[in-house]
Amino acid sequence: MSTSPEKTIRWGILGTANIASKVGRAIQLARGAELAAVASRDRDRANRWVERHTLGRPTADAAAFLPAGARVTTFGSYHELLQDPNIDAVYIPLPPSLHCEWTCRAAEQGKHVLCEKPVALNLAEARRMAERCAAAGRQLMDGVMWMHHERTCAMRRVLDSEELGRLRRVTSAFTFNGSELGQNNIRWSADLGGGSLGDLGWYCIRATLWALGDLPERVWATARYERGVDINLSAVLWFSGERMASFDCGFDTVFRKWLEIAGDKGSIVSDDFVVPWDIEKARFWVHGDRGKVAEQKVAVCVQEVVMIERMCEIARSGRLEPAWVESLLATRRVCDAISEAARSGRIVDVAL
Ligand SMILES: NC(=O)c1ccc[n+]([C@@H]2O[C@H](COP(=O)([O-])OP(=O)(O)OC[C@H]3O[C@@H](n4cnc5c(N)ncnc54)[C@H](OP(=O)(O)O)[C@@H]3O)[C@@H](O)[C@H]2O)c1
């Protein structure tokens with residue numbers, strides 16, 4: 001693979017997932033990236049996906065982003081796409097139960113992998129994915145877009161400034177009302193790796209680890225299950241140094257995406273940490289004591305485009321960034337412990 005600074009990174013997408021529209025558009029908008037191929041289990045579906053996303057086509061929908069005449073190759077199997085030597089990187093928005101298999105196969109074919117969250121079904125699978133990508137000299141990253149927003153850097157600067165004092169607590173929530181999701185939605189399927197912990201709690205865990213900088217010592221959780229998947233979960237995490245975190249996630253509550261990071265002198269509050277309610281108005285608040293509040297506004301940033309550009313830079317330079325892999329492995333480890341705690345009702349140690 002060329003490492004020329006000008007090289008355009010050619011992307012393939014495995015599966016015509018709903019989220020593939022957003023990320024396909026991001027690939028198209030990102031500097032030095034090109035959407036080169038889409039694979040589906042059914043080639044007609046891949047063709048229809050391209051038609052639907054191509055400007056000016058009779059079947060194009062409002063989310064069309066491909067220029068008329070764009071050459072996007074379609075495949076009737078994921079395997080065929082991976083065999084295409086022109087593809088540098090793949091985006092994998094498949095159900096979690098398929099993440100491990102297709103990430104490993106992609107790495108073996110020399111592709112960099114952007115895999116959707118929750119990464120795989122458990123830590124053992126996530127480790128296998130990390131090992132295969134490392135052995136092939138390819139990057140693995142999960143699709144946690146908020147990590148790439150300029151606001152995240154701004155919140156990091158506040159954390160590093162010690163303005164909040166000694167960190168004590170992280171509280172977060174990510175829920176939405178899933179009553180309109182079809183009965184066959186992957187989120188309701190135990191076999192496919194559904195459930196709110198992986199789908200939504202993944203972001204809360206990531207935010208907690210990102211803010212506090214290390215793994216919890218132990219965790220506890222409680223959940224409500226339907227058809228074998230958690231549709232609502234609350235968790236408590238204990239960290240060294242008298243720090244704690246808690247979060248809730250679920251498919252049965254109004255859309256909330258809250259984050260609070262509190263120290264003994266102040267706190268950061270975001271009411272939309274996963275993605276800004278208004279893309280033009282990304283902001284967060286720094287609260288002092290006695291009601292002092294400062295709103296911090298952040299420049300417009302399309303986080304999924306930045307994510308793709310980050311992956312492209314890595315693919316182009318060949319300089320892998322292990323921090324992304326460590327971060328997804330830590331998230332998976334905590335996710336597993338919380339899942340075990342919720343099912344057993346016990347406090348679970350997070351093995352080091
Ligand atoms: N990062 C984010 O912001 C974000 C947002 C939403 C979702 N996600 C994640 O992205 C992934 C996909 O979510 P989604 O809601 O977009 O899923 P979805 O619309 O159900 O798409 C999943 C795709 O996987 C393929 N697939 C292969 N085997 C399948 C099976 N047995 N059952 C169903 N689909 C199968 C299908 O593509 P073909 O039929 O074309 O092969 C399908 O279109 C999940 O891991 C989810 O957590 C991330």
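1. Trp 220 touches Ser 234, Ala 235, Val 236, Trp 238, Ala 341, Gly 345, Arg 346 and Ile 347 when residues up to four places away in sequence are left out, where a contact means heavy atoms within 4.5 Å. This tryptophan sits in strand β8, residues 218–226; helices (H or I, at least four residues) and strands (E, at least two) are DSSP runs numbered from the N terminus. Trp 220 is classed as partly exposed because its relative accessible area is 30%, the classes being buried under 20%, exposed over 50% and partly exposed in between, with a 1.4 Å probe and protein chains only. Val 302 lies 82 residues from Trp 220 along the chain, and the C-alpha atoms of the two are separated by 35 Å.

2. A note on the basis of these values. The model is predicted, so that local features need pLDDT of at least 70 and side-chain atom pairs count only at pLDDT 80 or more, whereas totals for chains, interfaces and linings use all residues. Residues are numbered from 1 along each chain as its sequence is written, and side-chain values use heavy atoms, with hydrogens and water left out.

3. On the overall dimensions, the radius of gyration of the chain is 20 Å, which agrees with the value near 20 Å for a compact globule of 352 residues; the radius is taken over C-alpha atoms, and the globule rule is 2.2 Å times the number of residues to the power 0.38. The C-alpha trace spans about 60 × 45 × 40 Å along its principal axes. In secondary structure, the chain holds nine helices and 15 strands.

4. Of the contacts with a separation of 6 or more, 68% are accounted for by residues 24 or more positions apart. The chain exposes about 15600 Å², of which carbon and sulfur atoms supply 49%; accessible areas come from the Shrake-Rupley method with a 1.4 Å probe, and for residues only the protein chains shown count as cover.

5. The domain assignment gives domain 1 as 9–145 and domain 2 as 150–300 + 333–349, with bounds that come from an automatic or database domain assignment. The C-alpha centres of domain 1 and domain 2 lie 27 Å apart, and 13 residues of domain 1 are in contact with eleven residues of domain 2.

6. Gln 303 belongs to helix α8, residues 303–317, and counts as buried because its relative accessible area is 3%. Leaving out residues up to four places away in sequence, Gln 303 touches Met 145, Trp 146, His 148, His 149, Val 274, Val 275 and Pro 276.

7. The helix that holds Gln 303 also carries a salt bridge between the side chains of Glu 313 and Arg 310, at 3.2 Å from N to O, a salt bridge being a side-chain nitrogen of Lys or Arg within 4 Å of a carboxyl oxygen of Asp or Glu. Glu 313 and Arg 310 are three residues apart in helix α8, about one turn of the helix. Elsewhere, salt bridges that share partners join Arg 151, Asp 271, Asp 272 and Arg 283 into one network.

8. A search of the whole structure finds 29 salt bridges, including one in which the side chains of Arg 10 and Glu 34 meet at 3.2 Å, N to O. This pair links distant parts of the chain, since Arg 10 is in strand β1 (residues 9–14) and Glu 34, 24 residues away, is in strand β2 (residues 33–39). Arg 10 is partly exposed, with a relative accessible area of 25%, and Glu 34 is also partly exposed, at 28%.

9. Glu 101 lies in helix α4, residues 99–108, and its side chain meets that of Arg 105 in a salt bridge of 2.9 Å, N to O. The two residues are four positions apart in helix α4, about one turn of the helix. Glu 101 counts as partly exposed at 37% relative accessibility, and Arg 105 is partly exposed at 29%. Glu 125 is 24 residues from Glu 101 in sequence and 8.8 Å from it in space, C-alpha to C-alpha.

10. Val 254, Phe 255 and Trp 277 make a nonpolar surface patch of about 330 Å²; patches are made of residues with over 30% relative accessible area and no salt bridge, like charges being joined within 9 Å and nonpolar side chains (Val, Leu, Ile, Met, Phe, Trp, Tyr) within 5 Å.
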